[in-house]
Amino acid sequence: MIEAVFQDEVPFLVAAVTLTLAAGLLAFLVSRRRTGPRKAALHGLWAASATGPALLTSWSGGGGATFECAVNPDVMTALTGTQGQLNLLLFVPYGLFATLATRRPLFAAATGALFTLVIETAQTTVPFVSRLCDTDDLVTNTLGACGGAVAGAVLLRLLPAGAPVGRGAVRRTAVVCAPVLALTAVVWLVGVDLVRHPQPTEVPAATPVQAQALERALTEAFGSAYAVGDSMFLDHGDGTGTVSAEVPGGGADLSWPDGERFTALVLPGYEVPSAEGPVTGPEDARKVAVAYAKEYAPWAAGARVTVHREDGEGWT
């Protein structure tokens, strides 16, 4: 979420940070009238830790509401990627400061879970938000808030004793949260389509015979310039397939079992022996093609050579 959305969005990030600080300061000033400076500071930090994620996750992705949410059955994958870990860390401060401010870890965890659920719901149902809803985000955000609550509970044992927020405040919060949770549940049950993540299928390794055939084709095409990595075989289901492997700077494919079609992409490119450079026009490109044919494809000697420009970045 963070990396994909906020590339080159410095003005929005500056505005989000400013509003987050302003919300924290306002909460501090309001709380300071009724409590001590330490408690007021915790209230300010709690408000800021809620405002920041709310702003960052409501940044519009453009377009209308999709009313769809991607479901990933493999929950653990949400925690293994950098993006999921960043999402988790984004919500840790909420659980932490909510716990320290109220001295009620369960209260902090529960409100944090509802907070993240409302955010994901808004992302798929509110047009001006219009972001991608994903259960991976819901999992990581909720775990972040709950993890922060656990950390806050540990810190409470080390801090001076204090009274937790009153039961009346908890009940009033529950009165507000209950209809919000009910409405959110209705939206999910009636209006949101759950779209299952396609699970990646493992491509089987190529047999030794297939791997050797690809290596021979690569050697015939480029000499000893490239070494073949681990080879894989993609079965087309009709008795044919493609043998593929990574090579430094790209990859190589060989049709199987005929072995008649070999393709390779190598970057930044292959320097053809005996070819004169640099290539500045179609005639230079034709000379390189002819030099390559003489070196590696003598059967193509005398063939007609056609040259065209590739999007201003090279020649074919």
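My entries below go through the aromatic rings, the cores and the sheet.

**Entry 1: aromatic rings.** I kept in mind that this is a predicted model. I searched the whole structure and found four aromatic pairs. I looked at Trp46 and Phe107, which pair edge-to-face, with 6.5 Å from centre to centre and 80° between the planes. This pair links distant parts of the chain, as Trp46 sits in helix α3 (residues 37–56) and Phe107 in helix α6 (residues 105–125), 61 residues apart. Is Phe107 buried or exposed? I noted that Phe107 counts as buried, because its relative accessibility is 14% and the cut-off is under 20%. Trp46 and Phe107 also belong to one aromatic cluster with Phe91, Tyr94 and Phe115.

**Entry 2: cores.** I then turned to the largest nonpolar core, which has 22 residues. Trp46, Phe91, Tyr94, Leu100 and Phe115 have the most contacts inside it. Which element gives the most to this core? I found α5, with eight residues. Leaving out residues up to four places away in sequence, I listed what Phe91 touches: Pro53, Phe115, Thr116, Ile119, Asn141, Gly144 and Ala145. Another core, of 14 residues, lies apart from the largest one and includes Ala206, Leu218, Phe233 and Val243.

**Entry 3: the sheet.** My last stop was an open sheet of three strands, in the order β2-β1-β3 with parallel pairing. β2 (133–134) and β3 (193–196) are at the edges with a single partner strand each, so one side of each has no neighbour in the sheet. I saw that β1 (residues 68–71) pairs with β3 over four bridges, and that Val71 has Arg196 in β3 as its bridge partner.

How values were computed
Residues are numbered from 1 along each chain as its sequence is written. This is a predicted model: local features need pLDDT of at least 70, side-chain atom pairs count only at pLDDT 80 or more; totals for chains, interfaces and linings use all residues. Side-chain values use heavy atoms; hydrogens and water are left out. Rings of Phe, Tyr and Trp (its six-membered ring) pair if their centres lie within 6.5 Å; planes under 30 degrees apart count as stacked, over 60 as edge-to-face and the rest as tilted. Helices (H or I, at least four residues) and strands (E, at least two) are DSSP runs, numbered from the N terminus. Buried means under 20% relative accessible area, exposed over 50%, partly exposed in between (1.4 Å probe, protein chains only). Two strands pair if DSSP finds at least two bridges between them. A nonpolar core is a set of buried Ala, Val, Leu, Ile, Met, Phe, Trp, Tyr and Cys residues joined through side-chain atoms within 4.5 Å. Contact means heavy atoms within 4.5 Å.
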